[in-house]
Amino acid sequence: MGEIIVTMEHIHKTFPGVHALKDVHFELRSGEVMALLGENGAGKSTLVKILSGVHPRDSGSMTIFGQEYGDLSPKQAQALGVAIIHQELNMCRHLSVAENIFLGREQTRLGTLSNREMEKEARRILGDLKIDLDPRKVVGELPVSKQQMVEIAKALSTNARVLIMDEPTSSLTSREIDDLFRIIRELKAKGCGIVYISHRLEELRYIVDRVTIMRDGQFVSSANFADTSMDEIIAAMVGREIKEKFPRVSTPLGKRVLEVRNLNAGRMVRDINFSLNEGEIVGFAGLMGAGRTETTRAIFGADQKQSGEVILDGKAVSIRGVADAIRAGIVLAPEDRKKDGLCTKLSIRHNIALPNLDTLCDAAGVVRRARETAMCVNAIDNLRIKTPSVDKDVATLSGGNQQKVVVAKWLARNSRVVMFDEPTRGIDVAAKVEIYHLMNKLKQQGIAVLFVSSEMPEIMGIADRIIVMCDGRITGELSAAEATQEKVLTLATRFETKVAAANQ
Amino acid sequence: MQVKRMKPLRRFFAIRGMASAMIAFAALIVIYVVFGLREPNVFSPVNIQNVLRSMSKYLIIGIGQSYLLITGNIDLSLGSVVGMSAMISATLMTHGTHPMIAALIALAACLVIGVINGLLVGKAKLPPFIATLGTMFTARGIGYMINNNRNTDAIASGIGKEAGDAFQSFFYYGKTLGVFNTFWVAVVVFIIFFFLLSKTRTGRHIYAIGSNADAAKLSGVSVFATTTKAYMVSAFCAFVVGLILCAQAGMGNMEAGNMYEMYAVAAGVIGGISPLGGTGLLLGTFAGAAVWQTLENGLNMIGAQVGLQRIVIGVIVVFAVLLDVVVRRGTRKRIR
């Protein structure tokens, strides 16, 4: 392992009302992958934002490549070779790969763009990373994983030697993660120092050399990854032992609640048949882009379907729009909370009430405020949402608490079927467990629970039955007892072979 | 649970948009006092009455535009619909139609424009700026054609002097409790739409689609129906202002309501309605309309040129949005 390239000492940072960082210490060596771990709100993001010049620090010192700095501007940080790849990618969707890589640093000759040179250079950078990508492709048409690689290529084209990745794998499939890890290893070999922020602890062992753990804005510990166990890491993150990572309750199987027959909706939802029963949680597994999200949306009426029947409690229900599904008692807590789950400019109260206004309003359509307050307070209690008041903006909550609000919207009414799409994405361990408890509670109440997840351990740990999708079709079904990671993965990669079909 | 009760004052300012509205009210007082010190007549009862009457038009159209701004859209057809309302009602009255019937027909025509806006923006998903630009020209054109491209005669020529006077008095020249009726009309419109926006399901939906249309849709909100309702509210407001202008002139003027859509944006924005949607209070629009009118009146009273008046108002609008942006940036930092 190389020499120390970044040292941050005694870093303090306060935001109005929050002491975000307290005397934090951080160190990065060249040629290593340093995992920066901690629950949501532990201060990881704030720390890397100070390192990359996004936020100024209150006090403390930073030494980068032997030179001491006070505050950095984003531009200075870039010039020093510090690059950050955010969880939400920052790309111009309408521009090409090469144009994105050279955005803001376009090469020109006599004032005109030298497109050919830039494309050549982009191809060289991509080739160095062994990324198979045409630099002329429009970025918006690429899958997220490829976009992320463009982002990495962009960072490297500025000669980044410190690369910060914030939750880089959260939207990737396992195969794409393999690609990413391969690239990370290449970067390591080139002597880059990599700061790796992730909630997915199970993937650390493939790439991480050292870990730094933070909790509540403080530095907790730093160690060689090989010398620590996962239990120790989790204990250090949460400050307490989590007894059971996946709480499981068993309830007797009840009658059939939902049956979906011959559902078709576009390329990603083809001939879907399955059913849900009382007293079970059904997990939808598959790779990213397998059509799981699209399936839930089609059932919920958010997207049009070409054909298919939805049978609820033995009766066929006609769902032409979301409102029909909600009325029938089928609800969906969507995947992307900022995009689909929450009105981020509104309060917790308004968000929880939004899908329930039918029950909260009188005949004239006037909102009954007392009823509404009762519903919201009840939801905050049940889900243990941390907030001083129901009238706080949801934007002020942490990710885990925002996710709980998304869920709370739908639990405030009596539904028969609750579908969760990636309910634990990007939230901390403790909040995840609370979501699991909640799903168990619904299961005990006889509500049919369906959840989509890309985290294999979670599916294996929580679902009573696992339905696996691949390329818009259901490729198999496994009971919790018979399911293994290998079996799930085999089903998830059972693509239709197009070549064979053409040759017949 | 540990839901703390905030202190009343803090709770008041915790209401989203309240801070901006209160800043606008504070600005109003400052502007008023500054002009009053330069020109004591600003404080005279007669002038106050005039200001209240003139601001009423801005308030009513401001309410209509605020509904659209909160949904994250805009209604450029507002001013043309004002003109259409004035021309249709005036033309009918010059032909002897009872003012009530004339008004109802004008209302129906205005609401049709509102529904068309709703269809274009909410259903066909046209950019609101373009869709309502189209209806803006169309509605103005209809206003022109109603009376063969001429202003109308006096409405008294059709419905008689007595009925004409009654109409003009009801909307413009008459007073109730010592204040011009126009202001009371505005107050009634304000109360109705304040209630609709803050206390009803429709109001919640309007904020929700302005904040995040995708999330609202997945919560069972019909974006189309809500957008259409907002456009119908603005068409209704334009209709009322059309009657007021008709009563003021005693006839239909083809150019009635020209540029009002922009005045309406200004009133809303000064009062802290975010042009990006999702936030704002009608209380702010009230303050915005009053600031606007107080400025216009004050500059008039101290004898400032018209050109200067426009410049001052332009600067104030930009300043108000700038303040909004700065405040927003501040909160975002705090949230991290």
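Modeller: Let's start with overall shape. Chain A has 504 residues, and a compact globule of that length would have a radius of gyration near 23 Å; chain A comes out at 24 Å, which agrees. (That radius is taken over C-alpha atoms, and the globule rule is 2.2 Å times the number of residues to the power 0.38.) Along the principal axes, its C-alpha atoms fill a box of roughly 70 × 65 × 50 Å.

A word on the ground rules: this is a predicted model, where local features need pLDDT of at least 70 and side-chain atom pairs count only at pLDDT 80 or more, while totals for chains, interfaces and linings use all residues. Residues are numbered from 1 along each chain as its sequence is written, chains are lettered from A and ligands numbered from 1 in the order in which they are written, and side-chain values use heavy atoms, with hydrogens and water left out.

Now the part you asked about. The contact (heavy atoms within 4.5 Å) draws 44 residues from chain A and 33 residues from chain B. Together the two chains bury about 3,200 Å², 58% of it on carbon and sulfur atoms; buried area here is the accessible area, with a 1.4 Å probe, that two parts lose on being put together, summed over both.

Chain A and chain B share two salt bridges, each being a side-chain nitrogen of Lys or Arg within 4 Å of a carboxyl oxygen of Asp or Glu. In one of the salt bridges, Lys339(A) meets Asp214(B) at 3.8 Å, N to O.

Which pieces of chain A build its side of the contact? Among those supplying at least two residues each are strand 2 (18-29), helix 9 (292-300), helix 10 (322-328), helix 11 (337-341), helix 14 (369-383) and helix 15 (399-411). Helices (H or I, at least four residues) and strands (E, at least two) are DSSP runs, numbered from the N terminus. By class, the side of chain A that touches chain B has 25 nonpolar, eight polar and eleven charged residues. For that tally, Ala, Val, Leu, Ile, Met, Phe, Trp, Tyr, Cys and Pro count as nonpolar, Asp, Glu, Lys and Arg as charged, and the others, Gly among them, as polar.
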